[in-house]
Amino acid sequence: MLRRLQGLARTKRTPARRAVQRDTFELTLDDGRSLEVERRRDPRARRIKLSVSERGARVTLPPRASASAAARFAHEHRQWLAVQLELHTRDVPPPLLRDVSATLPLRDAERPLRWERGRFTRIESAPDDRLVFLLPERAGPAAQARALRDFYEGEARADLARWLPDYLDGLPRAPRQFRFKLMSSRWGSLAPDDSVALDRALVLARPSAYRYVLVHELCHLLQANHSAAFWAEVETRMPRWREEREYLRLHGSRLKATMRSLLAAGTETG
C-alpha cells in the first residue's frame, strides 16, 4: 500500500499555471486627457496595483477582482497617475510653435521645417528635403494639429505599403485593415476580426523598430499568444527583433509623449 501511495505521489501532475490576461480601458484625467490603461489580470497578484513605466499606465489585478474594480481603482488614483506620467515625459520637446519651430520629428530624425501661408492647411515635402507647413492666415491650433495628424498617418501608411508585401508569404490570411491611433502602453494590437491597430508614434521611431511592431502583429495571425512558437515566427522574419524591442523599451515613452505633444492642440482622443 505504501509503495502504491508513493507511486501516486510521483505521478501526480502539477496544475497548469493560468495565463496572464490583458486588455485596455480608457481613463479620463482631471485635465481632460483620455488615457489608455492596460488592465493585466495576473494569477500571481494578491491585490490591485497601479504602476507607470516607459510603456505607459497599467493596473494589475488578481483573478477574482472585477474589471470595473480595476477601472475604479485607476480613477481614484488618477492624480497620482498624472504626476507619474509627467515624470516619465520630462524630456519631451515642447509643442510645435507656428512660424517658430524649425524642425519636425520623423523616422528617428529632425527634418528641417519651413512655414508658409497657403490656401489649405497641409504639410508637403520640398525638393531640398525640407518639410513645408502651409497654413491659411486664420487657421487655428486645431487645424494645425489635424494637419500634423494627417501628415504622420500618411507617412506611416506609406511605410506600411512598402513593407507589408515582404511579410505576407506564409500567413494564413492578410489583415482586414490597419488603423493608426494614439496608444499609451502598447505599440500595436490584433483584433478578433483581423484588423490591426498601430500606434501613430511609430512613424517617429527608427524604421526598423516600426517594422518590428508590424512583424509582431502579423505573427499573431499565426500564433494568438506569446509562446515560444510565436517568437520563433517573429525571429524567422526579423532575426534582430530583440534590438528593436529594446530600442522601444528605452525610447518608447519619449516617442509616445512627443506625438501627444505635437497633436495636443487638436480634439482627437485616439
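**View 1. Helix 5 meets helix 6 (residues 228–237).** Here the two axes (lines fitted to C-alpha atoms over the stretch in contact) come within 9 Å and cross at roughly 135°. Angles run from 0 to 180 degrees between N-to-C directions, and helices are DSSP runs of H or I, at least four residues, numbered from the N terminus. This is a predicted model, where local features need pLDDT of at least 70 and side-chain atom pairs count only at pLDDT 80 or more, while totals for chains, interfaces and linings use all residues. Residues are numbered from 1 along each chain as its sequence is written, and side-chain values use heavy atoms, with hydrogens and water left out.

**View 2. Who touches whom between helix 5 and helix 6.** Look for Tyr212, Val215, His216 and Cys219 from helix 5, in contact (heavy atoms within 4.5 Å) with Phe230, Trp231, Glu233, Val234 and Arg237 from helix 6.

**View 3. Helix 4 (residues 141–163) against helix 5 (residues 207–219).** These axes come within 11 Å and cross at roughly 65°. On the helix 4 side you'll find Ala156, Asp159, Leu160 and Trp163, and they meet Pro207, Tyr210, Arg211 and Leu214 of helix 5.

**View 4. Inside the largest nonpolar core.** A nonpolar core is a set of buried (under 20% relative accessible area, 1.4 Å probe, protein chains only) Ala, Val, Leu, Ile, Met, Phe, Trp, Tyr and Cys residues joined through side-chain atoms within 4.5 Å. Leu104 touches, among others, Leu96, Ile123, Leu131, Phe151 and Leu262, leaving aside residues up to four places away in sequence. A second, separate core has 15 residues, including Ala57, Ala70, Ala74 and Leu85.

Note on methods:
Buried means under 20% relative accessible area, exposed over 50%, partly exposed in between (1.4 Å probe, protein chains only). Helices (H or I, at least four residues) and strands (E, at least two) are DSSP runs, numbered from the N terminus.
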